[in-house]
Amino acid sequence: MASFFPFSFLLVISLSLLLFPNFAVAEDGSENPGCDGRWIHVRRLPSRFNLDLLRNCSEYPIYDDFCPYIANHGLGQKTHNRSRSWYRTDSHMLELFFHRRVLEYPCLTPDPDRADAVFLPYYAGLDALSYLYGPDVNSSADHGLQLFDFLQSDSPQIWDRRSGYDHFLVMARPAWDFSQPLEYDPPIWGTSFLQLPEFFNVTALILESRPWPWQEQAIPYPTSFHPANLARFEQWLARVRRSRRTTLMLFAGGGGTASAPNVRHSIRNECENRTSLCDIVECSNAVCEHDPIRYMRPMLRASFCLQPPGDTPTRRSTFDSILAGCIPVFFEELSARKQYGWHLPAAEYSDFSVYIPKEEVVSNGLKIADVLLGIPRAKVRRMRERLLELMPHIIYRRHRSSAGLMAKKDAFDLAVDGVLERVKRRLAGGNELIR
């Protein structure tokens, strides 16, 4: 009988069983003593703000059908039948599997009055699709208003006690997709969610932040690697450590084929002229997005992975390269150093990455390979070891992971810690910090 139901409908039914979290209460009825200052309350939102959005996974004709990537609570389908840790993960599903991980958080409370932070399980990026590609494209200033109306009408005291600044949500797109000025008419690309004054106090965990708004905090793009136990993580770590790095540098990406001068064009020219030092994995037209084998094997063979900006400064490839032990090479400060401070310490970037200003490459003819060849081998080894130390911080482990792996804080853990610390600082600072 199940065959008569659409895949997405069956998935929504299974996910709906997870909307009742386990709260942090021991068998004897006492609360978890390690939760002081870490309590999180999950707002009960109507399903139109989250699970109902998954039903429309194939209904955006301009946008790719994302139904296959909902599997495994947003991790996507396995790369192959025998895979234990690798999935065809779409970064836009971060909202879904972050929600799944929140439901396993050890310090959940049903009482919003004693919560240190409040999580909004709103799938903002999926809800934005109707404004970006669908029938509401000319109403993008309305994105988020229905959510705010609900928060004001349903138990408004939860929002009002701290004017919303203890609330947080995940937005699985770059901030630029949510930052269209409210006064633009006709609208340009994006919605205006992050421009709404109603949400200025809410912390938005986002794939790429803008430099100035305080409420935006970038968290790592999800890779395709989601181990469920410590043994599988350590097996991968061992493989990365023993990989033979036969290529100096690698570029996995698209663009740069037009004659207009830009850093991607310069990278392609240099790689085509120095094939013994540089390799290119062609990823135009998103052919690499859900096929990690295509780029992870070459990354394992390369010492440095080039991370030029594209439409926006950041790239998922940055985190794929860290996962492969391939030292990232950045060409803009906004590509990582000013983005992911909760996960990659900004003061230590020179310990695990290389920065080459793109202007030097594009305008002054600086050769990237010459810079990289000038780095002593001993320093390269130290940089790679530092990458391996940071690796747990940028992966999202699978839900229902073993206790051994849970002892290592992953990208989710650090994001939640960061939110709690931010709320704590705001409380200490008083209401003058609230806009």
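User: Two strands pair if DSSP finds at least two bridges between them. In S10, which residue is the bridge partner of Phe 330?

Analyst: This is a predicted model: local features need pLDDT of at least 70, side-chain atom pairs pLDDT 80 or more, while totals for chains, interfaces and linings use all residues. Residues are numbered from 1 along each chain as its sequence is written; side-chain values use heavy atoms, without hydrogens and water. Strand S9 (residues 327-330) and S10 run parallel, joined by 2 bridges. Across from Phe 330, the bridge partner in S10 is Tyr 355.

User: Which residues of helix H6 are buried?

Analyst: Buried means under 20% relative accessible area, exposed over 50%, partly exposed in between (1.4 Å probe, protein chains only). H6 covers residues 145-153. Its buried residues are Leu 147, Phe 148, Phe 150 and Leu 151.

User: Which exposed residues does H6 carry on the face turned away from its buried side?

Analyst: Start from the buried side, which includes Leu 147 and Phe 150. Turned away from that side is a face with three exposed names: Gln 146, Asp 149 and Ser 153.

User: What do the buried residues of H6 pack against?

Analyst: Contact means heavy atoms within 4.5 Å. After H6 comes Ser 155, with a positive phi near 50 degrees. The buried residues of H6 pack against helix H7 (156-160).

User: How many residues are in the largest nonpolar core?

Analyst: A nonpolar core is a set of buried Ala, Val, Leu, Ile, Met, Phe, Trp, Tyr and Cys joined through side-chain atoms within 4.5 Å. In the largest one, Phe 98, Met 249, Phe 304 and Leu 372 touch the most other members. The count of its residues is 88.

User: How many residues does the other core hold?

Analyst: Phe 304 belongs to the largest core. Apart from that core lies another, with Leu 45, Ala 124, Phe 148 and Ile 206 among its members. Phe 148 is also a buried residue of H6. The residue count of this other core is 23.

User: Leaving aside neighbours within four places in sequence, which residues are in contact with Phe 304?

Analyst: Phe 304 is one of the residues that touch the most other members of the largest core. With its neighbours within four places set aside, its contacts are Leu 248, Met 249, Leu 250, Cys 326, Ile 327, Val 329, Val 354, Leu 372, Ile 375 and Val 380.

User: Which residues in H17 meet H3?

Analyst: On the H3 side, take Phe 98, Arg 101 and Val 102. Phe 98 is also a core residue, among those that touch the most other members. The H17 residues they meet are Phe 412, Asp 413, Ala 415 and Val 416.

User: How far apart in space are His 393 and Lys 409?

Analyst: His 393 sits in helix H15 and counts as partly exposed, at 27% relative accessibility. Not counting residues up to four places away in sequence, His 393 touches Pro 220, His 343, Lys 409, Asp 410, Ala 411 and Leu 414. His 393 and Lys 409 are 16 residues apart in sequence; C-alpha to C-alpha, they are separated by 6.3 Å.

Definitions and conventions: Helix = DSSP H or I, 4+ residues; strand = E, 2+ residues; numbered from the N terminus.
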